[in-house]
Amino acid sequence: MMIRIFSGILLFSTLVFLHFSWGDIPALGKLISPFQGCWQSADSPSLQDETYDFPALKQAVRVKYDEQFTPHIYAQNLQDAIFIQAYLHAKNRLWQMDMTTRLASGRLSEVAGMKTLETDRNMRRKGMVFAAENSTRAMLQNEKSAPIIRSYTQGVNQFIQELDDHHLPLEYLLMSFKPEPWTPLKTGLMLKFMADKLSGHTQDFELSLARQCFPDYFDNLYPLHLQEEFPVISSSSEKTNVQQVSNADTRPFSLPKPIHHHQAAHQPAIGSNNWALSGSRTQSGFPILCNDPHLPLNLPAIWYENQIICPEMNVYGVSLPGAPAVVIGFNDSIAWGFTNGYRDVKDFYEVQLNASKSTCRFDQTDIPLRAQVDTIFIKGRKPFLDTVYYAADGILIYDAAFPKEGYEGRSFLMKWMAHRGSNELLALLGLNQAKNYHQYVEAIQSFECPHQNIVFAAASGDIAMWSQGQFIHRQPPQGRFVQERGNLHWNLWPMADNPHERNPERGFVMSANQVNTHRSDPTYYSGIFTEERAKRITNLLSANQKFSVQDMMRFQTDLYHQNAADILPFMLQQVKFYKWSPQQEIYLRQLKQWDYITHPDSVAPIYFSLWFGYLEAFIYDDDFGKYKSQLVYPNERATIELMKRDTLYPLFDLKHTPEREDIRALCMKAFREMCHTADTLQDKKWYQFKNTSVKHLSRIPAFGETGIRIGGGHGIVNAASHQDGPSWRMVVHFSQPIEAYSMYHSGQSGNPGSPFYLNKLSDWAQGNYFKIRFMQPQDFK
Amino acid sequence: MITMKNVLMILGLSALNFLFSLYTQWWIFVPLVILWVALFQIPRSRSVLSGMAIALSWLTMILFRDIPNQHILSTRMANLFGLKGNYILFIGFNVFIPFLLATWTAYLSATITVTKDPVPKKR
């Protein structure tokens with residue numbers, strides 16, 4: 001009898017265990033049930049045309065799919081088209097949209113538990129919701145964007161209403177939560193999430209510390225301008241309406257407490273390329289525009305490819321799931337694309353809080369603060385309360401309750417351009433509908449943050465580039481360092497004066513995250529700029545020939561290592577007189593014979609990457625000393641210029657040795673280290689070494705791929721590095737009819753069980769393109 | 001023993017579970033098996049038939065989803081469950097769970113509701 005009772009209890013307990021989720025363990029019974037669980041996500045490849053006739057639509061909307069599962073939306077008005085775009089976003093990417101907005105608003109802990117609490121606090125301290133609320137208000141107050149954002153919200157909610165418990169997307173089952181209704185604020189959060197990704201990273205703390213530690217070397221290590229530059233605006237020396245700058249604020253920065261977590265960081269690896277060729281530089285005589293934004297190679301992809309056809313526009317390109325309209329693309333008349341501008345639009349100010357925290361003091365001025373108590377709900381725990389203080393001009397990002405590591409006991413106010421109530425959606429809508437250069441310029445006037453280099457080409461023959469955003473008039477060294485005096489007021493730069501060029505004499509415009517303007521431009525600005533891809537692209541496009549679409553594809557997938565080409569011969573020169581071991585000679589020979597092409601199966605890029613990495617460590621680590629974890633290595637191009645310019649630069653001397661090292665000694669030491677490491681690599685190829693991976697947002701390894709066989713890498717035009725790379729490649733040729741090609745790293749569906757989840761990966765890795773089907777209204781008749 | 005009666009029993013319970021599972025919770029086979037055993041006085045020695053019936057209904061639905069999907073989802077789930085991408089193993093695991101639970105339920109139910117096991121017929 002007892003055995004029966006025990007057996008019954010055990011059976012019941014097993015059923016209960018399988019029915020509910022326990023911490024990170026999902027409800028397994030429901031998950032594996034073929035009637036309601038993961039098997040509902042086993043999509044079959046169907047490309048059937050669809051007609052939608054929801055009550056909220058004014059007229060029926062038709063959707064045709066091409067073989068890549070790209071929807072071509074045909075509607076009788078723009079609002080209906082946006083409604084269906086939103087519906088399809090939700091149908092294919094709902095979990096991604098949900099999680100991204102949760103991340104942006106500091107609400108991940110509600111579904112992920114304690115492990116994301118610090119991330120949530122950080123996002124809230126950045127004022128992401130504050131920024132999104134301001135922008136959402138602006139979008140809803142504008143007569144053009146308001147109906148669009150409302151239609152978009154309705155479209156997403158239409159899909160959410162149709163969802164029942166038996167058909168939840170797989171990730172919801174694994175994380176055991178359900179989607180909540182979409183709101184305009186969530187769209188605002190999506191746009192601010194991108195602003196944070198692209199303009200949220202600054203080096204104010206690192207550079208303040210570096211300036212304090214190396215006052216004599218700072219300008220050489222972290223120069224505002226490199227010796228060799230290829231500015232975005234090639235004809236940028238005749239600026240008007242700019243102020244001459246003067247030196248100010250060299251007050252010492254109080255040193256932080258040292259921390260010892262990790263090595264000094266490198267500058268962020270993400271970047272992008274775009275360019276446009278005028279008809280005079282193409283074989284056909286028609287302009288060509290290319291763009292490949294480099295972003296984290298996440299799954300699902302950050303982009304969703306689609307075409308919207310309605311009386312107001314016929315536009316093709318990629319949209320951001322969670323926001324309406326096409327972000328990068330082309331229409332019948334124009335094409336446009338983006339690269340990150342990287343100009344610094346985020347400032348930090350060290351302030352002293354008063355006892356009651358009702359004000360803080362900055363440079364003899366008391367700034368009133370408004371306290372807001374944020375409640376962070378945590379799965380399986382009690383809510384966490386965090387008080388965040390807002391000033392009229394910023395937000396108290398770090399204080400005693402949320403200190404910056406190493407800066408405990410100090411308070412910092414942050415001011416960020418993204419906090420302004422800008423309406424970037426209006427800019428996107430304008431670009432989607434623009435017919436010519438003037439409409440393009442008019443459209444981008446509402447694009448304030450993040451700073452973007454917006455390339456343009458038109459069927460009429462125009463090409464152009466605007467380095468666009470809302471910038472700030474600054475006095476050096478404002479904005480570059482944590483400020484301890486001055487004032488919080490920003491004088492905004494008139495957007496009409498933003499750097500730009502139209503139809504330049506050289507026949508092309510180009511940007512690749514490099515410096516915006518020539519060093520002769522007297523305007524002071526700072527940012528994180530890189531020049532190596534700009535140099536390579538400039539060299540490619542400056543060749544004395546006329547280009548085809550195939551050339552453009554070849555350039556976008558170019559594997560030439562510009563930095564290696566510029567410094568490796570010098571490094572080899574430093575080590576050539578020494579008698580190396582036979583194995584070391586083999587490494588040297590492979591480096592000497594290298595053509596600087598980072599082919600996936602090559603090994604020389606591994607040796608160069610290791611060698612240069614060790615060299616940087618030898619040059620800087622002993623000088624960085626106890627602040628190694630809190631400093632950032634100089635730009636690689638700055639290091640290269642320094643090595644070539646002064647082989648006896650004082651920083652090259654290793655502090656812990658009695659000898660006086662020069663660059664030759666460091667090259668030798670670094671080469672030996674490289675050989676030791678290379679001996680352990682067991683015939684690894686370049687692609688295995690850099691391990692380009694596409695990872696699911698949930699970080700579930702089973703939903704991603706690692707070790708993708710692709711060349712390129714950090715600093716290379718085909719920038720496929722470990723987890724970042726070309727998130728979308730587009731080539732648009734304004735022939736008649738328009739000829740366009742695209743590619744990205746995953747697929748249209750966000751469902752790991754769909755045939756269209758990762759169907760493009762191998763073509764992307766091999767540098768193949770799909771020809772875009774740019775449909776016309778008559779294709780739907 | 002494979003008899004027509006056993007086959008019909010399996011098919012009947014399987015069809016019933018299939019139907020109910022479409023509209024209710026995944027554990028619906030538990031009360032179904034209890035009722036089935038009580039109603040037809042199925043002895044403990046034949047508990048495994050109930051397990052087979054439920055497993056069959058799950059397998060049918062799985063194949064209905066998996067074959068058109070070309071095993072994409074099952075392969076990913078197999079990776080997720082540490083089965084090295086072997087979708088057959090994942091399907092086997094997926095069917096074994098309801099088989100085990102249904103057999104267990106039938107056995108317990110028979111212990112309580114069925115008076116005794118039938119005596120095997122002499123030849």
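This is a predicted model: local features need pLDDT of at least 70, side-chain atom pairs count only at pLDDT 80 or more; totals for chains, interfaces and linings use all residues.
Two strands count as paired if DSSP finds at least two bridges between them. To see one bridge, find D347(A): its bridge partner in strand 17 of chain A is K415(A).

In general, the strands of a sheet pair through backbone hydrogen bonds, and they may do so parallel or antiparallel.

Now step back to the whole sheet. Seven strands of chain A make up an open sheet. Their order across the sheet is 13-12-11-17-16-15-14, and the pairing is antiparallel. Look at the edges, where strand 13 (365–368) and strand 14 (370–376) of chain A stand. Each has a single partner strand, so one side of each has no neighbour in the sheet. From one strand to the next, the twist averages 40°.

Next, look at what packs on this sheet. Helix 5 (residues 117–125) of chain A touches strand 14, strand 15 (384–391) and strand 16 (394–398) of chain A. The direction of helix 5 makes about 20° with that of strand 15 of chain A. Helix 10 (residues 204–213) of chain A also packs on the sheet. Helix 10 touches strand 11, strand 16 and strand 17 of chain A, and its direction makes about 75° with that of strand 11 of chain A.

Turn to chain B. Chain B has five helices and zero strands. Along the sequence, its pattern reads α-α-α-α-α. The C-alpha atoms of chain B fill a box of roughly 50 × 35 × 25 Å along the principal axes.

How do the two chains meet? The contact takes 39 residues from chain A and 35 residues from chain B. Together the chains bury about 3200 Å², with 73% of it on carbon and sulfur atoms. Three residues stand out: I32(A), F35(A) and W39(A) supply 25% of the area that chain A buries against chain B, more than any other three residues.

What about charges and polar groups? Between chain A and chain B there are zero salt bridges. On the side of chain A that touches chain B, helix 1 (2–19), helix 2 (28–32) and helix 8 (170–175) of chain A each give two or more residues. Helix 1 of chain A gives the most, with nine residues. By type, the residues on this side of chain A divide into 22 nonpolar, 13 polar and four charged.

Note on methods. Residues are numbered from 1 along each chain as its sequence is written. Chains are lettered from A and ligands numbered from 1 in the order in which they are written. Side-chain values use heavy atoms; hydrogens and water are left out. Helices (H or I, at least four residues) and strands (E, at least two) are DSSP runs, numbered from the N terminus. Axes are lines fitted to C-alpha atoms, for helices over the stretch in contact, and angles run from 0 to 180 degrees between N-to-C directions. Contact means heavy atoms within 4.5 Å. Buried area is the accessible area (1.4 Å probe) that two parts lose on being put together, summed over both. A salt bridge is a side-chain nitrogen of Lys or Arg within 4 Å of a carboxyl oxygen of Asp or Glu. Ala, Val, Leu, Ile, Met, Phe, Trp, Tyr, Cys and Pro count as nonpolar, Asp, Glu, Lys and Arg as charged, and the others, Gly among them, as polar.
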